[in-house]
Amino acid sequence: MAQEYLLRLYVTGQTARSARALANLQAICEEELQGRYRIEVIDVLENPERGENERIVATPTLIRELPPPIRRIIGDLSDRDEVLHGLELVTPGQREPLQ
């Protein structure tokens with residue numbers, strides 16, 4: 001059975017950087033996870049306690065909650081290879097995504 005992914009993207013307001021991070025994440029997920037993912041966007045300006053609970057120190061921050069273990073990536077997610085490695089969709093040195 002295919003893994004389901006729960007991804008939480010922490011942003012600060014409706015900025016260009018936040019929008020770029022979400023667009024980059026959605027593009028990667030559509031290509032690599034094809035319906036096996038759920039993205040939750042948490043704005044730390046509107047929901048500061050969630051940011052504090054997760055110890056968010058910079059935004060945008062992506063947290064992969066599922067499958068375990070938890071993984072974090074900070075930035076606008078524009079480096080596709082970094083995101084694939086950070087989400088463990090590929091292993092170091094591997095060029096093709098895991099199926």
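Student: Which residue is the bridge partner of tyrosine 5 in E2?
Tutor: Tyrosine 37. Keep in mind that this is a predicted model.

Student: And leucine 6, what's its bridge partner in E2?
Tutor: Arginine 38.

Student: How many bridges join E1 to E2, then?
Tutor: Seven. Strand E1 covers residues 5-11 and runs parallel to E2.

Student: Zoom out. What's the strand order in the sheet?
Tutor: E2-E1-E3-E4. The sheet is open, has four strands and shows mixed pairing.

Student: Which strands stand at the edges?
Tutor: E2 (37-43) and E4 (71-74). Each has a single partner strand, so one side of each has no neighbour in the sheet.

Student: What does the twist average from one strand to the next?
Tutor: It averages 20 degrees.

Student: Which strands does H1 touch?
Tutor: E1, E2 and E3. H1 spans residues 16-32 and packs on the sheet, while E3 spans 61-66.

Student: What angle does the direction of H1 make with that of E2?
Tutor: About 175 degrees.

Student: And the β-α-β unit of E1, H1 and E2: right-handed or left-handed?
Tutor: Right-handed.

Student: New topic: backbone. Is the peptide bond from threonine 59 to proline 60 cis or trans?
Tutor: Cis, with omega near -5 degrees. Proline 60 sits in the loop between helix H2 (48-53) and E3.

Student: What about the bond that joins leucine 66 and proline 67, cis or trans?
Tutor: That peptide bond is cis too, with omega about -5 degrees.

Student: Where does proline 67 lie?
Tutor: In the loop between E3 and E4.

Student: On to phi. Is the value for arginine 55 positive or negative?
Tutor: Positive, near 55 degrees, and the residue is not a glycine. Arginine 55 is in the loop between H2 and E3.

Student: Why does arginine 55 count as exposed?
Tutor: Because its relative accessibility is 69%, and exposed means over 50%.

Student: What is the phi of glutamate 88?
Tutor: About 60 degrees, a positive value although glutamate 88 is not a glycine.

Student: Where's glutamate 88 placed?
Tutor: In the segment after helix H3, which covers 80-86.

Student: What's the relative accessible area of glutamate 88?
Tutor: 32%, so glutamate 88 is partly exposed.

Methods
Residues numbered from 1 in each chain as written. Predicted model: local features only at pLDDT ≥ 70, side-chain atom pairs only at ≥ 80, totals over all residues. Heavy atoms only, no water. Pairing = 2+ DSSP bridges. Helix = DSSP H or I, 4+ residues; strand = E, 2+ residues; numbered from the N terminus. Axes fitted to C-alpha atoms, helices over the stretch in contact; angles between N-to-C directions. Contact = heavy atoms within 4.5 Å. Right-handed = clockwise from strand over helix to strand, strands pointing away. Buried < 20%, exposed > 50% of the residue type's maximum accessible area, 1.4 Å probe, protein only.
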